[in-house]
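Hi,

Here is the model I said I would pass on. Please load it first, then read the notes below it.

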Amino acid sequence: MNPEKPHFFDKPANVRLVIRALFACCVLLLALDFVIHRHVYHSWENLWGFYALYGFAGCVLLVLVAKWMRTFLMRDEDYYLRREQAADRDEQQSGGHTDDAL
């Protein structure tokens, strides 16, 4: 028996509800693009759905840059554990005295 209380997103029906609410917000904001007058600085801002497309392109660009950065920022799963074990070995070899204690 699991005594832990189920969370809101543990139920698939709640997840579907949130996704539908987000889609409804997107459709509403896109529909308001026809109604609301914007003070634009550049001519391409007058395009219908410009900000939705701009935001989508920005998110895709962020994901692609993050995937590229992962190639040189990624560390092994036990990276910090190995550093900690190496520090412990160094401490044992020096008799428990380190320069950090000063």
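**Salt bridges**

Arg-82 is partly exposed, at 38% relative accessibility. (Buried means under 20% relative accessible area, exposed over 50%, and partly exposed in between, with a 1.4 Å probe and protein chains only.) Before the rest, the ground rules: this is a predicted model, where local features need pLDDT of at least 70 and side-chain atom pairs count only at pLDDT 80 or more, while totals for chains, interfaces and linings use all residues. Numbering runs from 1 along each chain as its sequence is written, and side-chain values use heavy atoms, with hydrogens and water left out.

Back to Arg-82. Which side chain meets Arg-82 at 3.2 Å, N to O? That is Asp-76, and the contact is a salt bridge (a side-chain nitrogen of Lys or Arg within 4 Å of a carboxyl oxygen of Asp or Glu). Asp-76 is exposed, with a relative accessible area of 51%. Arg-82 also forms a salt bridge with Asp-78, with 3.3 Å between the closest N and O atoms. Asp-78 is partly exposed at 36%. Shared partners join Asp-76, Asp-78 and Arg-82 into one network.

The count of salt bridges comes to three. Asp-33 and Arg-38 form another one, with their closest N and O atoms 3.1 Å apart. Is Asp-33 buried or exposed? Asp-33 counts as buried, at 18% relative accessibility. Arg-38 is partly exposed at 23%.

**The largest pocket**

Asp-33 and Arg-38 turn up again here: both line the largest pocket. Some method before the numbers. The search runs on a 1 Å grid over the protein atoms alone; a pocket is an open set of points, where a 1.4 Å probe fits, with protein on both sides within 12 Å along at least five of seven lines, and lining residues have an atom within 4 Å of a point. Points are joined across faces, edges and corners, and the volume is the space filled by probe spheres set on them.

The largest pocket holds about 220 Å³ of space. Its lining also includes Cys-26, Leu-29, Leu-30, Leu-32, Ile-36, Gly-49, Phe-50, Tyr-51 and Ala-52. Helix 1 (12-35) and helix 2 (50-73) are the elements that give two or more residues to this lining. (Helices are DSSP runs of H or I, at least four residues, numbered from the N terminus.) Which element gives the most? Helix 1 does, with five residues.

By class, the lining has eight nonpolar, one polar and two charged residues. The nonpolar class is Ala, Val, Leu, Ile, Met, Phe, Trp, Tyr, Cys and Pro; Asp, Glu, Lys and Arg are charged; the others, Gly among them, are polar.

Helix 1 also holds Ala-31, which is partly exposed at 40%.

**Aromatic pairs**

How many aromatic pairs are there? The count comes to five. (Rings of Phe, Tyr and Trp, the last by its six-membered ring, pair if their centres lie within 6.5 Å; planes under 30 degrees apart are stacked, over 60 edge-to-face, and the rest tilted.)

One of them is Phe-50 with Tyr-51: edge-to-face, 5.1 Å centre to centre, 75° between the planes. Phe-50 is buried at 15%, and Tyr-51 is partly exposed at 42%. Trp-68 and Phe-72 are edge-to-face because their planes sit at 70°; their centres are 5.2 Å apart. Both lie in helix 2, four residues apart, about one turn of the helix. Trp-68 is exposed at 56%, and Phe-72 is partly exposed at 45%. Finally, Phe-50, Tyr-51 and Tyr-54 form one aromatic cluster.

**Cysteines**

The structure holds zero disulfides (pairs of cysteine sulfur atoms within 2.5 Å). For Cys-26, the nearest cysteine sulfur is that of Cys-25, 7.0 Å away. Cys-59 is partly exposed, with a relative accessible area of 48%.

Best wishes
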